Amino acid sequence: MPARLGRKSVTHQKGRRILKLLFLLLPVLFAGDYCWTLWGKEALQTTLAVPEAEHKSTGTSLVWHDPKRQELQEKEAHMSAAVEQFVQAVSKVLEDNHIRGEKRENVLHFTRDAFEKVLKIYTWMPDWALKSLGATIDVQRTSKSYGGKDAKKWWIFPLFSFAKHPETILQPSISPGDCWAFRGSQGHVVIRLPVKIWPAAFTIWHISRAVSPSGEVSSAPKEFAVSGVDEDKAETLLGLFTYDVDGMIAQTFHVQKEPPKTFRHIRLEVRSNWGNPEYTCIYRVQVHGQIEKPQEFIKHE
């Protein structure tokens, strides 16, 4: 009996390791398709929102719609097929490691549920805080980057500094260590969007314990505030939120009150983290909302 239990324990540990590897490779598998689909879908929606008369004045063409729509549909179909393949792969791993019955069904249910939530974020909630769309960081109003305890030793060779630029949070990569860090548990960043929007929600990303090299994620942000910032630097609080370090790596928070106007600058203020006294690390910030004037974005493009 002890030998059988030992084999079962080893088998389950092996299964968990394989599942962790699959989920670690997941962002790499979908990053390109997600970003492309996100940009293409929003551009299509933006173009469709502009009356035909305005297309003539901005130099855009409605002929652009059909091929782009078909291409987007093909991309979405490809992603859906890839999701099914991934779920099947998880099912095969569970079967090979003798994880059956209710436990197996629960794992598959949670896997599919996680995919649906991620797809909902990317498909139906455009991200305006993307560097590829033109979003930038207002460095003058952003906390200084933190490069680690040994950062001072590199003052002679600044190119070897470990500090990541704040623009790191405007890019889709969420590989371990590929984040923007600031000293301590309190800091802030101001994001300049490519156009003014009516902010509706914000998504914060951090890696999970499963893929963290140290096995812990105490540097993740915990309590934070988000505000819209006017050109004269006056701030309008849009909500106070808490990132759950035991939840999904991407967590979306909706504004807690309707914004009184549109904003081009969004300020994220981290007020605490999950216990790391040295630094706080943010992997990605997404800003969702409706554009104020679609034709301005078309001109920008």
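**Exercise 1. Find the strands that pair with β7, and say how enclosed β7 is.**

Solution. Start with β3 (residues 187-205): seven bridges join this strand to β7, and the two run antiparallel. Strands here are DSSP runs (E, at least two residues) and helices are DSSP runs too (H or I, at least four), numbered from the N terminus; two strands pair if DSSP finds at least two bridges between them.

Before going on, a word on the model. It is predicted, with local features needing pLDDT of at least 70 and side-chain atom pairs counting only at pLDDT 80 or more, while totals for chains, interfaces and linings use all residues. Residues are numbered from 1 along each chain as its sequence is written, and side-chain values use heavy atoms, leaving out hydrogens and water.

Next, turn to β4 (residues 223-229), which is joined to β7 by six bridges, again antiparallel. Here Ser-227 has Arg-267 of β7 as its bridge partner.

Last, check burial (buried is under 20% relative accessible area, exposed over 50%, partly exposed in between, with a 1.4 Å probe and protein chains only). Six of the eight residues of β7 (residues 263-270) are buried, so the strand is largely enclosed by the rest of the structure.

**Exercise 2. Describe the largest nonpolar core and the residues with the most contacts inside it.**

Solution. A nonpolar core is a set of buried Ala, Val, Leu, Ile, Met, Phe, Trp, Tyr and Cys residues joined through side-chain atoms within 4.5 Å. The largest one has 45 residues, and Ile-169, Ile-191 and Phe-224 have the most contacts inside it. Among the elements that give it two or more residues are β2 (180-183), β4, β7 and β9 (284-291). The top contributor is β3, with eight residues.

Now zoom in on Ile-169. Leaving aside neighbours within four places in sequence, its contacts (heavy atoms within 4.5 Å) include Ile-137, Trp-180, Val-189, Ile-191 and Val-285.

Then look for a second, separate core: this one has eight residues, including Val-90, Leu-94, Ile-99 and Phe-115.
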